[in-house]
Structures are given as C-alpha cells and as structure tokens.
Amino acid sequence: MCETNHNQNIKPNKDGNCNTEDHKTWNRRSFLQALGLVGGGSIMLGNTPLSVSAPSSLSTALTQAESDNILIIVRLQGGNDGFNTIIPVYDYDIYANARPLIKIPPSEFITLDDDFAMPKPMNKLESVWGDGQMKVVHGVGYDDSSLSHFKGSDIYSNTNLREDDRTGFMGRYFGEIFPDYFFNPPVSPPSIQIGSIGNLIFKGPESDYSFAVSSPERLLQIIENETFYDLNGLNDCTYDDKVRFLREATNTTFNYAEVITEAYDRSGPNDFAGYLEDDGFARQLSIISRLIKGGLGTKVYLVTLGGFDTHNNQTLRHQQLLNSFSEGINTFYQDLTAAGWDDKVLTMTMSEFGRRFKENGSLGTDHGTAAPTLFFGSALNGNGFVGEHPDLNNLTRGGNVFNTTDFRKVYATVMKDWLCIDEGLVGRALLDTDGGPFESLDLGFNCSGTSSIPTDGESLTHIPTYDDDSQTFINIVSPLTTHIEVSLYNIIGQKVAILFNEMLMERRNLVINVKELANTRLSTGPYVYRIQTNTGEFSRSIVIS
C-alpha cells in the first residue's frame, strides 16, 4: 500500500496501487523542494527537524590531509551590533553622539588597546584576549549590503552577490570534490549544525552536506531507541520512490547519529563541568567539545546564538547575549586547553549584517552593514586587530558605514590557511569571478602542508543538465580521442546501468539522455554517474525525476 501524503495531493487508487496522477504532481523541482535539496528545508522526525543528509566529501577530504584542524562557526543570528561589541575608543565622541542613550560608557570598558574596547558583559573574554587567543577583523561585509534577514543570511552563506543561489560555498566545494558520496561515505559526518537548520552554507547543488539537529537531547533519544524506517512494502510508483529515498536518507542520518553518540559517550559525562547548564549556547559548545575529544573526526561545526535583532531596548538584551557568548567561548577554550585541543580548534563568528551606526528612537538600532568578525583559538598566535576600521565620518545616505573587508576574503583565508583547501577550489567555491583569488588575511596561521584531496582532473568536461520534461542529460567533451564508459549508480552504490561504452572522438560533444540509455526503470531520486577513460575516472551526482 502507498502511504497518503497529507502535504501533497497523492493517494493510492482503489486497487492499492499509486495513482498515475502523482507523476504529474511531482515534477523535478517540487520533489527536490520536498526533500530540502532546493530552496532549503528539512524533515521532521519525532518533532525534531533533521536535514535530509547524506555522507559527503568534506570529512573524507580533510581526513586525507595532514592537518587535523577543526573549524567552529558561531552564527550570531539577527544581526549583531558590532559598534557595541568592539567599541571604537579612538573616535569615542562621534560614537557617543550617534548613540547618546545606548552607548557603552568608559566606566564599562574592557580595554583591548588604545583604540578599542569591549563592554564589561564580555569580561570572560578578557583572559582569552590576554592569552593571545582572540583576534578581530574589522569592517566585514560587502558592497550594497542587503538589509533583509533572509537575503543577508543567504548571501553570507552562498557568497553570490549577483543573483539568488540556493547553494552554499562549502556545499559547492563538497559537491565538486567528492560527488560520489552516496556510496562512498566517510566514517564521520562532514559537518554538524546545532540550532541553525536550513542555513545554506553546507548545501550543494543536489544535497545538504551537514548533519543538522535542533535538540541534542532528542538526538540521543533517537539513538537509544534505535529508530529506523522500514523500506519494505513500497511499490514501484513515483510516490513510493519518493518515500523510499526519504527513508534511506533518514536512515543514513540515524547511522551518523549513532557514530556521534559513540564519540559523545567516549569523552565522559563529567569530563568538564564548567559550562552553564541553563545556557543554550554553552550547551551547544559543551556537546561539540565532547564530540571533538571523543574522536568523532568531524571538521566543521555550526552553532547558533539568536536574538541579535535589537530594534528596541538594546542595552540589556545585547549585554545578556554578549555575556552568554563570552561565557561560552571562555569555558569552551578552557575545556579544549585542558584536553590539549586548543591549538587545533579555530572559532569564528558570522552574522547576516551589522547594525546602523546611529541609534533609533526605540533605544535600539536598525539593520546595518559591516561588522567585526571575531576569531578565537591558540592557533592565532597572539591577539590583535586585522584590517581597517570603517570610517565613522563617512556614512551612506542611510546612515551606515562602508565595509572595509570583503567577507569572502575572510572565508578564503580560513579555507586556504586553516582547512588547507587548494586555492583554485576555494575560488570556485566562493564564486570568485572578479579577476583572481581572494588574498589571505594575516590571522597568525598558515597551512603547513597541502591537502591530498583527489580531483577528477581537467582532461575531460562533463556537465549534467535538465529540461522541463523531467529528462536528465550528461554532456561530455574530451580533448582527446579515448575509449569511454559511463556507468550509473544508485544511492546505495549499486551499478544500475551502463549508459555508454565505446570510443569518443576528439572534441566530439556527447549528449547522454540518462533515462533513454539506461534501458531499465529508474526510480526517482539521486544517482551518481562515473566516467572511465584511458586517462582516469570522473564522476558527479545527478537527480532523476
């Protein structure tokens, strides 16, 4: 029997088989949207939203590199006010005149140097600064900044300043390097998100490359109950094809949850007791610390501290958030230092925008442009400031400062010099089409070696395309005459068809209609094609609809 989907008009017919009308209802885009593969989204399991995830490339790529560096991204959701986070003491009169009611008075300063200070609610970071584990990058943003939460968040994730893009910069990187993740999974999840489900950073063209969960307690409960979805009893119809894929992808997520739980348990429940139990941000960091110390192997984490949209009553609200942030970061690095991990873990902040320089009439600030990015970790090799602070005397017509550091330069530095990713790949992941690679910032670290990430070479071009009739094509051009075999694999790594197996002449444009040449019924969902030639192997993921 087919299950009734209450969110789609798809039902079994009277004899128990799926109605053929579902073929009309489910086009390729609506299917991908339902899976959360296009336009964001997630699925609900036991009231816990989880990304439709699959094992991906980043974990494999980075475990093959000599570096075992780990990146923590802290999302300050809502748009953090950088001027009340890092106070411009050097131009305090202008700052105070712009913010007569919400300014931080000198009596509340934690002095960082002669030019900048932090507010006292961030006092737990004073020792982090003093120990040389904190740096600030000034004026991070981009030209013509969007002041929309949704658009701003998307741009900081997809790095696309020209058009809407539902892929993220790391997701594009993952998809390019390891396209066959469906049947070549790494042991540990490539990235983990807590509390920021739906963010585009880890979304590739056809899949999400992160394990995302909003509640770690619920995650552990799922593992304890060994919850898996049954794949039996599904018919050969379009709707059941969708259900089968959702269940397979979800079971993959549960498998990762088991690995996560094992790492969590290995570090011991009382390994470090300094975290505030009733603080959600501290709870996220404590879980990540245990996963790191438990040897999970995941290289990139994303955690979230929300509430920074401070249009009114900012003073108290912002101070509470900064206090939670500084408490969590301080405890996190105390924990990591005690375990000998502090030099292997780099933490950076991100937010969808800053706040307007001048306060509004509600004791708050409105959406703005540039803001500082904060970095933490022993690998910074000393405290300090990077870049030029925005000119407070030169504002836009809307009262905002101009950015002085392109946010993509920050990403490029972390990817090249911390995660040891090849510069060419970094440029493509960041959509660098403006005339050359982004220069690295001086954050105090550099990649001591190069990653041994495999690539599929440059001797053959292969691009998947789709048309409005739900047809999938593979377009191949070889610079040399060569024998070529194109095979198709399903989500669990089974070879389902040989699409082409003969000589391909030099510069000939070969167009493969996948459905037509498969000579077998293909279920709807993701596949991977693999091209074998005399010079090597090439592969990429595609979707059949």
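A residue counts as buried when its relative accessible area is under 20%. By that cut-off, 58% of the 545 residues in this protein are buried. The model is predicted. It holds 14 helices and 21 strands.

**Overall build**

- The accessible surface of the protein comes to about 22600 Å². Carbon and sulfur atoms account for 45% of that surface.

**Nonpolar cores**

- The largest nonpolar core has 46 residues. Ile72, Leu125, Leu291, Tyr301, Phe325, Phe332 and Phe376 touch the most other members.
- Another core, of 38 residues, lies apart from the largest one. Leu380, Phe407, Val410 and Val426 are among its residues.
- Leu125 belongs to the largest core. Leaving aside residues up to four places away in sequence, Leu125 touches Met118, Met134, Phe325, Ser326, Ile329, Asn330 and Phe376. Two of these, Phe325 and Phe376, are also listed among the core members with the most contacts to other members.

- Strand β6 covers residues 116-119. Phe116 and Met118 point one way from the strand. Ala117 and Pro119 point the other way. All four are buried.
- In a regular strand, side chains alternate between the two faces of the sheet.
- β6 pairs with β5 (residues 109-111) in the antiparallel sense, over three bridges. A hairpin of four residues joins β5 to β6. Within this pairing, Thr111 stands opposite Ala117.
- β6 also pairs with β4, again in the antiparallel sense, over two bridges. Here Ile87 has Ala117 as its bridge partner.

**Asn84, a buried polar residue**

- Asn84 sits in the loop between β3 (70-76) and β4 (87-88).
- Asn84 has a relative accessible area of 4%, so it counts as buried.
- Its side chain makes a polar contact with the side chain of Arg99, at 2.9 Å. The side chain of Asn84 also reaches the backbone oxygen of Ile102, at 3.0 Å.
- Beyond residues up to four places away in sequence, Asn84 touches Tyr95, Arg99, Ile102, Ile104, Pro119, Gln314, His318 and Leu322. One of these, Pro119, lies in strand β6.

How values were computed:
Residues numbered from 1 in each chain as written. Predicted model: local features only at pLDDT ≥ 70, side-chain atom pairs only at ≥ 80, totals over all residues. Heavy atoms only, no water. Buried < 20%, exposed > 50% of the residue type's maximum accessible area, 1.4 Å probe, protein only. Polar contact = N/O pair within 3.5 Å; in protein donor to acceptor, adjacent residues only side chain to side chain. Contact = heavy atoms within 4.5 Å. Areas by Shrake-Rupley, 256 points an atom, 1.4 Å probe, with all protein chains shown as cover. Core = buried A, V, L, I, M, F, W, Y, C linked by side-chain atoms within 4.5 Å. Pairing = 2+ DSSP bridges.
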